[in-house]
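Thanks for asking me to look this one over. Here are my notes, in the order in which I would read the structure.

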Amino acid sequence: MRLLIAFFLPWLTFFTIGRPISGLLCLFLQITVLGWIPAAIWAVYALSQYSTDQKLKRAGLS
């Protein structure tokens with residue numbers, strides 16, 4: 001579900017993973033039409049990093 005949010009509302013992804021400052025920066029980037037694609041890529045990347053961090057926490061490695 002978060003992956004769909006990352007594609008269509010990239011700024012919202014950052015709020016769901018607890019990074020509100022990045023969410024605001026992403027929103028500013030998304031407001032510009034040309035910035036939508038980089039914002040979506042950034043959101044997907046941040047979401048993958050968040051998922052990796054969560055897996056490491058569950059494994060007790062972090």
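The numbered points below go from the model as a whole to one helix and then to an annotated span.

1. **Ground rules.** This is a predicted model, in which local features need pLDDT of at least 70, side-chain atom pairs count only at pLDDT 80 or more, and totals for chains, interfaces and linings use all residues. Residues are numbered from 1 along each chain as its sequence is written, and side-chain values use heavy atoms, with hydrogens and water left out.

2. **Confidence.** The mean pLDDT (the predictor's confidence in each residue, from 0 to 100) of the chain is 90, and 98% of its residues reach 70 or more. Helix H2 (residues 10-16) has the highest confidence, at 93, while helix H1 (residues 2-8) has the lowest, at a mean of 88.

3. **Overall layout.** The chain holds 4 helices and 0 strands, in the order α-α-α-α from the N terminus. Helices (H or I, at least four residues) and strands (E, at least two) are DSSP runs, numbered from the N terminus. The C-alpha trace spans about 40 × 20 × 15 Å along its principal axes.

4. **Burial and surface.** Of the 62 residues, 26% are buried; buried means under 20% relative accessible area, exposed over 50%, and partly exposed in between (1.4 Å probe, protein chains only). The accessible surface (Shrake-Rupley method, 1.4 Å probe; for residues, only the protein chains shown count as cover) is about 4,400 Å², and carbon and sulfur atoms supply 74% of that.

5. Ser22, Gly23, Cys26 and Gln30 are buried in H3. Seen down the axis, these buried residues fall within an arc of 100° and so line one face of the helix; the arc is that of the directions from the helix axis to the C-beta atoms. They pack against H1, H2 and helix H4 (36-59), where contact means heavy atoms within 4.5 Å. On the other side, Ile21, Leu24, Leu25, Phe28 and Ile31 are exposed, with Ile21 at a relative accessible area of 61%.

6. **The annotated span.** An unreviewed UniProt entry annotates residues 28-48 as "transmembrane region"; such annotations may be inferred rather than shown by experiment. In the model, this span is 81% helix and 0% strand, with its end C-alpha atoms 22 Å apart.
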